[in-house]
Amino acid sequence: MADRKTSVQIIDGNRAAAIGATLSRVQVIAAYPITPQSPVTETLSEFVEEGNLKAEYVAVESEHSALAVCTSASIVGARTFTATSSHGLAYVHEMLHWVAGTRLPVVLACVNRAIGAPWNVLNDQQDSISQRDTGWIQIYARNNQEILDSVIQAYKIAETVYVPVMVCYDGYILSHTEMPVDIPSQDDVDGFLPPYKPHTTLDPASPRNYNLVTLANPRVNAEGVLCHGYMEIRYLLQEALQNSRETIARVGHEFGELFGRSYTGMFWEDRLDDADIVIAAMGSLAMEAMAAADMLRDEGYKVGVLGLRVFRPFPKSDLVKVLKKSRLIVVFDKNVSYGLEGATCSEIKSALYGSGANAVVRNFIVGLGGRDVKARELADAVRKSLPAMKEGALNNEYPEWICEI
Amino acid sequence: MGTRECKHICGESSQGIGEGGRTGEWRSARPVIDNDKCTPARQNKPACFLCWLYCPEGVISKTIPVQINLEYCKGCEICAQVCPTHAITMVNEEEFSS
């Protein structure tokens, strides 16, 4: 690693995403500005304008069009990038399905922001969680270094398994906060990330039609070959996501070999080895949880932190391995599935089903619409959950909200 | 043998007749040509062929007499509408099923 040329710059998360896309040699960028994502698009358009990035920057009138441009560019073999937040992501919902269904390796940076009503431009993770069923891989960064590293890895993952990747990071907390980021050299990134090979070929000499009306049942095509019905194509998407875990781990490992920062896990762990109490959270929220764990450790509790990095594919079996010994799991969610609970809590519980684990699980909804999340509040929530361990009340019907109501 | 053999990972097709299935099954009314009125048939000359030109499905032949491939004709009626001699009439499919 010592002979690798890198430079440490103090940059915010949006710039880290833009540099990650640039180092990945994206060829087509189409994005529509929205707070707090706007600096990503501004930075990339500057790079293109200055001649430092050889890419087509397509100015569009909406997020829906942005991803439509990326879809077309990706299908003819261009590496594409877009970025959005909140209402922009909601607006592009339809195209997210199209990109995943066409198995195009588009990378989208989602700068996590609350969604209306009421209007709010600050951070939570409701926007990307609301898109979890669109068939995209979702990676959540915990700091600006992870944003840059995840964008570069996202291309390699996406172009291997032919599934689009959403790199999510918290608005303002990461997007507008500067921190030191180790920026790899272009040569090293080129060595890591080979050129994009599309699974489709659009060639006038051999005309093809993609995403035609596909009937319910398989059918024989003009060449007499039995082709998929709708359900078979959708099964292949599910299968690709199921199998993508290995690719994500392998790419994360290769990245570590080259750049010294390894990403082999679907989640990161802090002091889980001896912990019987686990705080689970996703994105930058898990960093705050580490400060809460420090406080609780000082009081003698064996507390560890599990920071979810990959939300789709959801790492069920990996989670079971590390959570099997725990007696209490406190899950903090910056999102909620209204009428039920936070999404990560539901999924952690579903992972534990049938595993033999008997941990008490408690869910707290925090930080919606930019509400500050204090480590002290997280520690209080854990303390509040302790009696349940003695009572053995494994589950609560609904989560508690940390707010003033 | 399943559909994996086709090697596609998304909806994909190549050009060919019948890529969308036998679309003739969609038809509720069938175009029937009266060759006593149809210009190429009546004059025995390659003339007119407006039905061939306008057919969105490409199922009408540029021949004498003009022929319609009923396996794929959806019965959209455009041919009947553009025919200058009113040689094409749309006949309800039920009349052929009995």
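A:Ser355 touches A:Val320 and A:Lys324, leaving out residues up to four places away in sequence. Touching, or contact, means that the C-beta atoms of two residues, placed from the backbone, lie within 7 Å. This is a predicted model, in which local features need pLDDT of at least 70, side-chain atom pairs count only at pLDDT 80 or more, and totals for chains, interfaces and linings use all residues. Residues are numbered from 1 along each chain as its sequence is written, while chains are lettered from A and ligands numbered from 1 in the order in which they are written.

A:Ser355 sits in the loop between H12 and S17 of chain A. Helices (H or I, at least four residues) and strands (E, at least two) are DSSP runs, numbered from the N terminus. A:Ser355 counts as partly exposed because it has 15 C-beta neighbours inside 10 Å. The scale is simple: 20 or more other C-beta atoms within 10 Å of a residue's own make it buried, 12 or fewer make it exposed, and anything in between is partly exposed, with C-beta atoms placed from the backbone. A:Lys321 is 34 residues from A:Ser355 along the chain, and their C-alpha atoms are separated by 9.1 Å.

## The end of that loop: Ala359

A:Ala359 lies in the loop between helix H12 (343–352) and strand S17 (360–365) of chain A. Is A:Ala359 buried or exposed? A:Ala359 is buried, because 21 other C-beta atoms lie within 10 Å. Leaving aside neighbours within four places in sequence, its contacts are A:Leu323, A:Ser326, A:Arg327, A:Leu328, A:Ile329 and A:Leu352. A:Pro39 is 320 residues from A:Ala359 in sequence and 43 Å away in space, C-alpha to C-alpha.

Strand S16 (residues 328–333) of chain A is mostly covered, with 6 of its 6 residues buried. A:Leu328, A:Val330 and A:Phe332 point one way from S16(A). A:Ile329, A:Val331 and A:Asp333 point the other way.

Strand S13 (residues 277–282) of chain A runs parallel to S16(A), joined by 4 bridges. Pairing here requires at least two bridges found by DSSP between two strands. A:Ile279 has A:Val330 as its bridge partner in S16(A). S17(A) also runs parallel to S16(A), over 6 bridges. There, A:Phe332 stands opposite A:Phe364.

Strands of a sheet pair through backbone hydrogen bonds, either parallel or antiparallel. Chain A has an open sheet of 7 strands with mixed pairing, in the order S3-S2-S4-S5-S7-S6-S15. Strand S3 (56–59) and strand S15 (310–312) stand at the edges, each with a single partner strand, so one side of each is left without a neighbour in the sheet. The twist averages 20° from one strand to the next. That angle is taken between N-to-C directions, on a range from 0 to 180 degrees, with axes as lines fitted to C-alpha atoms, for helices over the stretch in contact.

Strand S7 (residues 165–170) of chain A is mostly covered: 6 of its 6 residues are buried. A:Val165, A:Val167 and A:Tyr169 face one way, and A:Met166, A:Cys168 and A:Asp170 face the other. S5(A) runs parallel to S7(A) over 6 bridges, and A:Asn112 stands opposite A:Asp170. Strand S6 (residues 137–140) pairs with S7(A) in the parallel sense over 4 bridges. A:Tyr140 stands opposite A:Cys168. Strand S4 (residues 80–84) and strand S5 (residues 107–112) are likewise parallel, with 4 bridges. The bridge partner of A:Thr84 in S5(A) is A:Cys110.

## Two packed helices

Helix H10 (residues 285–298) and helix H13 (residues 375–391) of chain A pack at an angle of about 60°, with axes 8 Å apart. That makes H10(A) oblique to H13(A). Oblique covers angles left over once under 35 degrees is called roughly parallel, over 145 roughly antiparallel, and 65 to 115 roughly perpendicular.

H10(A) contributes A:Glu288, A:Ala289, A:Ala291, A:Ala292, A:Met295 and A:Leu296 to the contact. H13(A) contributes A:Ala375, A:Leu378, A:Ala379 and A:Val382. By class, the contact has 9 nonpolar, no polar and 1 charged residues. Nonpolar means Ala, Val, Leu, Ile, Met, Phe, Trp, Tyr, Cys and Pro; charged means Asp, Glu, Lys and Arg; the others, Gly among them, are polar.

## Where the chains meet

17 residues of chain B are in contact with 26 residues of chain A. The chain B side divides into 4 nonpolar, 10 polar and 3 charged residues. Strand S9 (residues 208–210) of chain A runs antiparallel to strand S1 (residues 12–14) of chain B, joined by 3 bridges. A:Tyr210 has B:Glu12 as its bridge partner in S1(B).
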